[in-house]
Amino acid sequence: MTAAGAARRSGPAWSPAEANARCRDPWPRLRARRQGTAAYFLFEGGGYGVYDPDDTTEGEDPYAAMGDGFLGAAGSSAVVMTYGENEPMCLTVKAFGSAPPLRLKGWEQVAEVRVVSRSGRLEVPSYADGGDEGAGARLPNLAVKGPGRYRMRVYAQGIEGTVEEHLVVVFPGRSVTKVVCR
């Protein structure tokens with residue numbers, strides 16, 4: 001059984017620390033300025049977000065920008081849909097100062113969108129913040145260059161009845177185009 005598989009089977013009886021220990025970086029050879037790996041505890045409907053927690057401006061709905069894909073973004077918020085729900089999955093985040101190479105091998109879905117950080121922070125919510133879902137450990141701020149425009153590339157694998165694992169890569173970029181690579 002893979003580490004992600006053990007985390008997925010852990011169910012709600014496992015603590016965040018136990019589920020986190022079962023998740024590994026799927027791209028360990030490529031080191032980022034900031035990175036982290038944790039179990040992400042999903043709730044009803046699945047999915048998770050990456051957002052600027054200090055941005056209070058009203059804007060477009062990132063779900064509306066999703067279309068028929070698994071990734072959508074609007075302003076300072078991005079949403080990623082998962083196939084699992086009510087169970088942990090493995091999530092790795094990496095923040096770079098420039099675009100890393102595109103890596104398609106081994107991933108079932110890969111897409112990229114623009115996200116804006118007005119305050120200089122881009123975060124994944126933590127389970128410790130309360131609520132029914134979130135990362136089992138605090139993940140780093142992904143806005144490595146402070147306030148500005150970023151590209152967010154999301155990789156997903158194991159979505160068809162197997163282990164679900166996601167890799168979120170964030171780097172500065174101006175493009176507003178959504179790119180679906182796979």
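Mentor: This is a predicted model. In it, both C23 and C90 are buried.

Trainee: What makes C23 and C90 a disulfide?

Mentor: The cut-off is 2.5 Å between cysteine sulfur atoms. The sulfur atoms of C23 and C90 are 2.1 Å apart, so the pair meets the rule. The count by this rule is one disulfide.

Trainee: Why is the link of C23 and C90 called left-handed?

Mentor: The angle about the S-S bond is -80°, and the link is left-handed. C23 sits in the loop between α2 (16-20) and β1 (34-41), while C90 belongs to strand β5 (residues 88-95). The two are 67 residues apart, and the pair links distant parts of the chain.

Trainee: Why is C181 called partly exposed?

Mentor: Buried means under 20% and exposed means over 50%. C181 has a relative accessible area of 27%, which lies in between, so C181 is partly exposed.

Trainee: How do you know which class S126 belongs to, buried or exposed?

Mentor: Its relative accessibility is 5%, and the limit for buried is under 20%, so S126 counts as buried. S126 is found in the loop between β6 (109-117) and β7. Beyond four places in sequence, its contacts are E133, G134, A135, A137 and R138. For the whole protein chain, 49% of the 182 residues count as buried.

Trainee: What makes β8 largely enclosed by the rest of the structure?

Mentor: Seven of the 10 residues of β8 are buried, so the strand is described that way.

Trainee: How do you know that β8 pairs with β9, and in which sense?

Mentor: Pairing requires at least two bridges. Strand β8 (residues 148-157) and strand β9 (residues 165-172) have eight bridges, so they pair, and the sense is antiparallel. Within this pairing, Y150 has P172 of β9 as its bridge partner, and R153 stands opposite V169 in β9. By the same test, β6 and β8 pair, because nine bridges join them; they run antiparallel. There, R114 stands opposite R151 in β8.

Trainee: What is the strand order of the open sheet, and why are β7 and β10 called edges?

Mentor: The sheet has seven strands in the order β7-β1-β5-β9-β8-β6-β10, with mixed pairing. β7 (134-135) and β10 (179-180) each have a single partner strand, so one side of each is left without a neighbour in the sheet. The protein chain has two helices and 10 strands in total.

Trainee: Which residues have the most contacts inside the largest nonpolar core?

Mentor: They are L91, M152 and V168, in a core of 30 residues. The elements giving two or more residues to this core are β1, β2 (48-51), β3 (71-74), β4 (77-80), β5, β6, β8 and β9. L91 has contacts beyond four places in sequence that include G36, Y48, V124, H166 and V168. A second, separate core has nine residues, among them A32, F96, V110 and L167.

Trainee: How many of the contacts in the protein chain with a separation of 6 or more join residues 24 or more positions apart?

Mentor: Such residues account for 75% of those contacts.

Trainee: What is the accessible surface of the protein chain?

Mentor: It comes to about 8,700 Å², and 48% of that belongs to carbon and sulfur atoms.

Notes. Residues are numbered from 1 along each chain as its sequence is written. This is a predicted model: local features need pLDDT of at least 70, side-chain atom pairs count only at pLDDT 80 or more; totals for chains, interfaces and linings use all residues. Side-chain values use heavy atoms; hydrogens and water are left out. Helices (H or I, at least four residues) and strands (E, at least two) are DSSP runs, numbered from the N terminus. Buried means under 20% relative accessible area, exposed over 50%, partly exposed in between (1.4 Å probe, protein chains only). Contact means heavy atoms within 4.5 Å. Accessible areas come from the Shrake-Rupley method with a 1.4 Å probe; for residues, only the protein chains shown count as cover. A nonpolar core is a set of buried Ala, Val, Leu, Ile, Met, Phe, Trp, Tyr and Cys residues joined through side-chain atoms within 4.5 Å.
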